[in-house]
Amino acid sequence: MSKFNHKKIMPRYSAIAIVMTLLAFAVVGKAMYIMTAEHDYWEKVAKRVKNDSVSVKPNRGNILSCDGQLMASSLPEFKMYMDFQALEESKTDTLWDQKIDTICLMLSQIFPEKSANEFKKHLDEGRQQVQKNGKKGSRHWPIVKRRVDFNTLAEVRSIPIFDIPFNTEQTTSDGFIVKASYRSGFSIEEYNSRLRPHGSLAGRTIGDLYKGKDSARYGLELSYDSILRGENGIIHRRKVLNKWLDITDMPPVDGADIVTTIDVGIQDLAERAVIDELKLIGGDVGVAIVMEVETGDIKAIVNMESCGNGQYREMKNRAVSDLLEPGSVFKTASIMVCLDDGKCDTTKRVETASGIWTMYGRPMKDHNYHKGGYGTLTLPQTLHYSSNIGVSRIVDEYYHNQPEKFVEGIYRTGLADNLEIPLMGSSPARIRMPQKDKTGRHWANWSNTALPWMSIGYESQVPPISTLTFYNAIANNGRMMRPRFVKQVVKNGEVINEYPPVVLREHIAKPQTIKKIQPILEQVVSIGTGKNARSKSFKVAGKTGTAQIWTKAGKTSAYLLSFVGYFPADAPRYSCIVCIQKRGMPASGGMSAKVFHHISEGILAQNLKLDVKDARDSLSVVIPNVKNGNLVAADYVLSHLGVSTVNDWTGDGSNAVWGSATQKTKQQIGLTQEKQFGGGHIPNVIGMGARDAVYQIEKRGVRVRLKGRGRVVKQSLEPGHAIKKGDICELQLEV
């Protein structure tokens, strides 16, 4: 065996070791370089074949009216784009050149706001960017700038070139999937849009989302956001055979529906009654709330505010947030405290002189002082005629030396209770309690005039909903209910949570006090200042109120005009408050009482159960004059009247069918379905009645002005007009 030659072998091993060490350093260095400098590049490479932790949005829950009608619902909307680089890569650019004129013509028919030439110029601009700049050119060229609904998208998809399928999907920068691209380069992005089928009805109460985001802004949308929103799901995606395979890690949990107490019919009635009076008297703000006496359910809540040009809309939920001095509607609580404490009875008499009485150096006036005042009044008459002097003198007589006892009595009525209203900006009433100074002998925050003026509705701030809750308790024989806005949470047709009526106070006063005040409030309407609220069909009880509005700068020329009451007075079902703010004279609570009258009569008229068969006249040979509109409703009425119809449509009656009605023969009417424009365009409502026409237009988010009565003969926005934010459509009606 030869001897190991150390000098020859070791240098070889050393050389190999050095080479291996250098290679190791090179590998580590390259790995570090990839992990740092090339990290973003390789992340993009990886995402071409896989994508982990992709969020999947759930469907937001619906907001329903008390009878299950949709008040707010999530529907998909889409933005449409062209990827001209994909068009070049897929070798369909030659076909594009052949069909471009047809494409633009069909686009202009779907979107009449642009001509075919304008579409061609717009699309050519996007394609030229790619041809000029290559990969740096726009791959996301918008076909139209606004979003479209599913029906409009389906029309666009049917256009040549756009209907060539492609088999990839993309993921947006925030991790959500962009569905459906096409080999032509046509692609869409899907958004969740919040749709309110009844337009702006109860808008501030229902609430809204920030545009383009699933984030609530205000109203019930915000208060019940955690229930409506649901939970995002997570998937990971792998590319297999050039197709994306979605693998669910955690499925999304859809939001639940909430069932509100709002009645669509009562809400619509209340809104129109408030707006009509505001326009008539030139009012600035109108508020109305309708509450169900037994349960406290809010059936309607209106917050209209002038926005110029004689138009009104909801900008703030003033019904729950306005802290203003309530005026004479507070007098009922003042008199109740005196009766409840046993200080006096309904036989009490008080001198009001000629309508002006000096209270601790300050003149107190009745509204009719210029006519000589009321003279001597009984306690009930002080409310009948809303005498400031009468009420303030009675309260001051018994509580001047112990005003804290009076305020404690007001607190007992529940007027200052926190009602825990589930709407942003709501606030309880602010009624201050007298406080002694450090010596304990004098009032620190009180003056001699504070009590007289507090008793007639000044020196305190009470939101309309607190005033209504108090009067609702009187109607409910002293039982005070919390205002309820939501009854149930429902998911997949199953009730998963109930919000039962809540009793805040079993008694706001002694039963005998309630029994004394109820007939007084009836007489306010029958013989007193509330005559405008009277009805020939049922009894009404309530109280008017007028207060001059004070600001930090002092007294203004604006007035708060109120009426609050309940009906029918002998078996109360609903209570209602109407508050109007207007500048200048004339101004009286009777203006609000008129609105109350229209609301109360409308509500009870809606509750009448009539059968269409009762309208049938066996002796009549006259064919009724049928308006265009909902053909399902027309067919139902005509069939029950015994009139023959010829239809070119079929349906089960669950969905509306829109079209026109024409008389075919002396005994027969033809009902013809007509193609409707998409949700982004004004429909043709010529020949329709006001109800159908307003529904068709306002469900698209456009406000309507009506002139005349009968059927629509002219509309200011032409059929097919592309709807823009703030559009108003004026309808001319003629008999």
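Among contacts in the protein chain between residues at least 6 apart in sequence, 67% join residues at least 24 apart, where contact means heavy atoms within 4.5 Å. The model is predicted: local features need pLDDT of at least 70, side-chain atom pairs count only at pLDDT 80 or more, and totals for chains, interfaces and linings use all residues. Residues are numbered from 1 along each chain as its sequence is written, and side-chain values use heavy atoms, with hydrogens and water left out.

The protein chain has 735 residues, of which 47% count as buried; buried means under 20% relative accessible area, exposed over 50%, and partly exposed in between, with a 1.4 Å probe and protein chains only. Its accessible surface comes to about 37,000 Å², and carbon and sulfur atoms hold 51% of that area. These areas come from the Shrake-Rupley method with a 1.4 Å probe, and for residues only the protein chains shown count as cover. The chain contains 21 helices and 35 strands, which are DSSP runs numbered from the N terminus (helices H or I, at least four residues; strands E, at least two).

Two individual residues illustrate the local surroundings. Leucine 220 belongs to helix α8, residues 219-223. With a relative accessible area of 0%, leucine 220 is buried. Not counting residues up to four places away in sequence, leucine 220 touches residues including Ile206, Leu228, Ile258, Pro422 and Phe485. Proline 422 lies 202 residues from leucine 220 along the chain, yet their C-alpha atoms are separated by 7.2 Å. Methionine 250, by contrast, is partly exposed, with a relative accessible area of 41%. This methionine 250 is placed in strand β11, residues 243-250. Once neighbours within four places in sequence are set aside, methionine 250 is in contact with Asn232, Gly233 and Ile234. Of these, glycine 233 is 17 residues from methionine 250 in sequence and 5.1 Å from it in space, C-alpha to C-alpha.

Helix α12, which spans residues 331-340, is mostly covered, with 10 of its 10 residues buried. Its buried residues include Lys331 and Asp340 as well as Ile335, Met336, Val337 and Leu339. After α12 comes glycine 342, with a positive phi near 70°.

A positive phi also occurs in a hairpin. Strands β17 and β18 form this hairpin with two residues between them, and tyrosine 360 in the turn has a positive phi of about 55°. Four bridges join β17 (residues 356-359) to β18 (residues 362-365), and the two strands run antiparallel. Within this pairing, threonine 358 stands opposite proline 363 of β18.

Helix packing is seen between α17 and α18. Two packed helices are described by the angle between their axes and the distance between the axes. Helix α17 (residues 464-475) and helix α18 (residues 511-526) pack at about 105°, with their axes 9 Å apart. The axes are lines fitted to C-alpha atoms, for helices over the stretch in contact, and angles run from 0 to 180 degrees between N-to-C directions. The angle therefore makes α17 roughly perpendicular to α18; angles under 35 degrees count as roughly parallel, over 145 as roughly antiparallel, 65 to 115 as roughly perpendicular and the rest as oblique. Tyr471, Ile474 and Ala475 of α17 meet Ile514, Ile517, Gln518 and Leu521 of α18. The residues of this contact divide into six nonpolar, one polar and no charged. Here Ala, Val, Leu, Ile, Met, Phe, Trp, Tyr, Cys and Pro count as nonpolar, Asp, Glu, Lys and Arg as charged, and the others, Gly among them, as polar.

Two sheets complete the account. Strands of a sheet pair through backbone hydrogen bonds, either parallel or antiparallel. Two strands are taken to pair if DSSP finds at least two bridges between them. Glycine 629 has glycine 659 of β31 as its bridge partner.

The other open sheet has three strands in the order β33-β35-β34, again with mixed pairing. At its edges stand β33 (703-708) and β34 (711-715), each with a single partner strand, so one side of each is left without a neighbour in the sheet. Neighbouring strands of this sheet are turned by 35° against each other on average, direction ignored. Six bridges join β33 to β35 (residues 728-734), and this pair runs parallel. In β35, cysteine 729 is the bridge partner of valine 704. Helix α21 (residues 690-698) lies across β33, β34 and β35, running at about 160° to β33.
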